[in-house]
Amino acid sequence: DIVEKSEQKAKAEVELVQTKEAKEAVMLELEQLSNFNAELHQSCDFVMKNFELRQTARDEEVEALRQAKAILSGAKFEEFLQQ
């Protein structure tokens, strides 16, 4: 009976160690995921904060390209500005 109890105790201790190691691995993964989430959140905040500014800059670039295309196609710049 004592031998049986000792074996059960040894198995339980092994399971306890394995469970603690698994818990540590899960906690580490959760910490890494939390850090990744924070980085993504920061990146998204930056994109959302600067969206209007970036959109305006892209619109200005497109307009400049249209003007350059019109000039290179032989159109008069003054006519283009009146549009």
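Me: Which residue forms a salt bridge with Arg66?

Reply: Glu63 does, with the closest N and O atoms 3.9 Å apart. This is a predicted model: local features need pLDDT of at least 70, side-chain atom pairs count only at pLDDT 80 or more, and totals for chains, interfaces and linings use all residues. Residues are numbered from 1 along each chain as its sequence is written, and side-chain values use heavy atoms, with hydrogens and water left out.

Me: Why is the contact of Arg66 with Glu63 called a salt bridge?

Reply: A salt bridge needs a side-chain nitrogen of Lys or Arg within 4 Å of a carboxyl oxygen of Asp or Glu. Arg66 and Glu63 have their closest N and O atoms 3.9 Å apart, so the pair qualifies. Side chains of opposite charge can pair when their charged atoms come close.

Me: How far apart are Arg66 and Glu63 in helix H2?

Reply: They are 3 residues apart, so about one helical turn separates them. Helices are DSSP runs (H or I, at least four residues), numbered from the N terminus.

Me: What makes Arg66 count as partly exposed?

Reply: Its relative accessibility is 49%. Buried means under 20% relative accessible area, exposed over 50%, and partly exposed in between (1.4 Å probe, protein chains only). Arg66, at 49%, falls in between, so the label is partly exposed. Glu63, at 32%, is partly exposed too.

Me: How many salt bridges does the structure hold?

Reply: There are 3. One of them joins Glu61 and Arg58, at 3.0 Å from N to O. Both residues lie in helix H2 (residues 51-72), 3 residues apart. Glu61 is partly exposed at 42%, and Arg58 is partly exposed at 40%.

Me: How do you know that Glu13 and Lys9 form a salt bridge?

Reply: Their closest N and O atoms are 3.8 Å apart. That is within 4 Å, so the pair counts. Both lie in helix H1 (residues 2-49), 4 residues apart, about one turn of the helix.

Me: Why is Lys9 called exposed?

Reply: Lys9 has a relative accessible area of 53%, which is over 50%, so Lys9 is exposed. Glu13, at 43%, is partly exposed.

Me: Which residues make the nonpolar surface patch?

Reply: Val26, Met27, Leu30 and Leu33 make it, and its area is about 380 Å². Patch residues have over 30% relative accessible area and no salt bridge, with nonpolar side chains (Val, Leu, Ile, Met, Phe, Trp, Tyr) joined within 5 Å. Val26, in helix H1, has 45%, which is over 30%, so Val26 passes that cut-off.

How values were computed. Helices (H or I, at least four residues) and strands (E, at least two) are DSSP runs, numbered from the N terminus. Patches are made of residues with over 30% relative accessible area and no salt bridge: like charges are joined within 9 Å, nonpolar side chains (Val, Leu, Ile, Met, Phe, Trp, Tyr) within 5 Å. Accessible areas come from the Shrake-Rupley method with a 1.4 Å probe; for residues, only the protein chains shown count as cover.
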